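Open the model in your viewer and keep the selection tool at hand.

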Amino acid sequence: MVSRWFTRPNTKRPRCNPQQKTHRRHQRPTIFPSRLGEALSADIEQRASSIHCRSLSVAFAGGVKAVDAVDLTVGAGEIISLIGPSGCGKTTLLRCMAGLQAASDGEVTLDPPVPANHGNISLVFQQPTLLPWRTALENVLLPLQLTQCPKQERRTRAESLLETVGLAHAMDRFPRQLSGGMKMRVSIARALVTRPQVLLLDEPFAALDDMLRSQLGELLLELWQAERFTAVMVTHNIAESILLTHQVAVMQHGKLVNVLDNPLPWPRDPELRTTPEFGKFYGCVTQRLKGDD
Amino acid sequence: MVASRRSITEPLVSVAMVTGVALIAGLIWQLAIDRFDLPKALLPTPRQCWAAVMSHRGTLLRGIIGTGFAAVAGLIAAVILGSLLAILFSQSKKLRLALFPYVVLLQTVPIVAIAPLLIIWSGYRFRTVIIVTVIVCFFPIVNSVTAGLLSASREASDLFRLYGANRWQRLWRLQIPSAIPHLMVGVRTSSGLAVIGAIVAEFFIGDATSDPGLGTLMMGWQALMKTDALIAAVFASALLGLVIYGVIQLLTGFLLKRWTSA
């Protein structure tokens, strides 16, 4: 796959500071500075919403707090990763943002607000979760059918998106005829077909091998470049969480421990993995993850 | 295409093997009669049975058609009624908890215990045969379709919630398609039961209908000690069961193309 590499407007590189506090960040003034110019149409610029979690808690039966008083802001058009050990509440937090899980305390708001359940917020599951009786194309059409998108638009949108993810030749295949990586591409295409303002990803590449993982990571950045959605990605993979994001949010036992600004320069290139900066930030995230154990 | 060739040759091979087993069984049968010198009234030879098949072939064929019609009509009615009930069950947990035990009860009460009652209520008529068949087929259909409607994964359900799908969209685009393979399993289970149900009902009804079904024929021949004709009727009912099963297999392959084709 040919990768295009991406420029990020904000070249300021925040250092990884162990003293950095969760709520300190986000006086970031502009979402898309004008320098980006031609890359972004005004339309796209207005589409992305920022996500604000305010003292968000989720308690399950038995009083277990899966998410405990989380304050988190994700800037419009930014990618943030949620990283932490299994059972630390990152998936629950993501489900709250998706509106699939009710908060027991606090709230999640989008700015500008968008109506829920109309394809404005999309979720990519860990498993591709394709309907086996539908072809790739029909699976991508599903969100448009459910959200009452005008009939004549549906097909062209779904087809062009499948082309974008490199599956123009496989539109009429059933999921069982697709490889794991292809299924995940269909799943990503399905998530983006409604042109969501917010894309949530729940360990999307966890079941794939390393090669596919980095390929799909590149694809994700490509798509982000085109659509500039706000993205939250739950992951176990530190390298992935660094390479694809503007920020890394570290969770432990339902609490947000740190939000680290990613110092790596844009465009993102797999070569960055070999730079000292990458190593340093990797070490920093690892240290945060060990954290209060 | 490789796939379609395999789907044609595989049944042919299995038919050949099944026929082989039948020939061996017939040989043992014949040898047993020769060895132990059994009287015809107790166990006629395969040849005598075949002669009975040929001499009663018109009657047997009409019996197969009559009983087969009752079995298929009952099965179709059970599929329609059972699927509708399963859809209700899938939409309301309360309804499921309240009514499902009664569906199980219907299954646990032997059909021979209900049949006399049904004759009192519905009369010595063909209609009663169909009702008995419906009752026999009902449980496997309701059970498998309900399970199928509730089989969608949590992720798939989340996907529909994410896009604000209403109850009908969920039912139509997620639950019913998920249930179709389950339905076909239920239909296959019920197809054998349908023939049993129809024949049992005919035992009770006797000679009431103008064109006797296989069950009625069996009762008559048993009274006359026509063992060869009785065995011919047994094979006729087996044939009927096989034909229904085969048609359902074909139908399943056709209906489930989207779910299984390579």
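How many bridges join strand S1 (residues 50-59) of chain A to S4(A), and which way do the two strands run? Select both: 6 bridges join S1(A) to S4(A), and the two run antiparallel. This is a predicted model, and every stop on the tour should be read with that in mind.

**The sheet**

Stay with this pair and pick Ser50(A); its bridge partner in S4(A) is Asp111(A). The three strands make an open sheet in the order S2-S1-S4 (chain A), with antiparallel pairing.

Next select residues 90-98 of chain A, which form helix H2. H2(A) packs on the sheet and touches S1, S2 and S4 of chain A. Between the direction of H2(A) and that of S2(A) the angle is about 60 degrees.

**Chain A as a whole**

Zoom out to chain A, which holds 8 helices and 9 strands. Of its 293 residues, 42% count as buried. Take the contacts in chain A between residues at least 6 apart in sequence: 74% of them join residues at least 24 apart.

**Confidence**

Colour chain A by pLDDT. The mean is 80, and 83% of the residues reach 70 or more. Which elements of chain A have the lowest and the highest mean pLDDT? The lowest, 50, belongs to helix H1 (residues 42-47) of chain A, and the highest, 93, to helix H3 (residues 136-146) of chain A. Then select residues 1-45 of chain A: pLDDT stays under 50 throughout this stretch, for which the model has 52 contacts beyond four places in sequence.

**Where chain B touches chain A**

Finally, show both chains. The contact takes 15 residues from chain A and 14 residues from chain B. On the side of chain B that touches chain A, the elements giving two or more residues are helix H7 (154-162), helix H8 (167-205) and helix H11 (257-260) of chain B. H7(B) gives the largest share, 7 residues. Colour this side of chain B by residue class to find 8 nonpolar, 2 polar and 4 charged residues.

Note on methods. Residues numbered from 1 in each chain as written. Chains lettered and ligands numbered in written order. Predicted model: local features only at pLDDT ≥ 70, side-chain atom pairs only at ≥ 80, totals over all residues. Contact = placed C-beta atoms within 7 Å. Helix = DSSP H or I, 4+ residues; strand = E, 2+ residues; numbered from the N terminus. Nonpolar A, V, L, I, M, F, W, Y, C, P; charged D, E, K, R; others polar. pLDDT = per-residue confidence, 0-100. Pairing = 2+ DSSP bridges. Axes fitted to C-alpha atoms, helices over the stretch in contact; angles between N-to-C directions. Buried ≥ 20, exposed ≤ 12 C-beta atoms within 10 Å, placed from the backbone.
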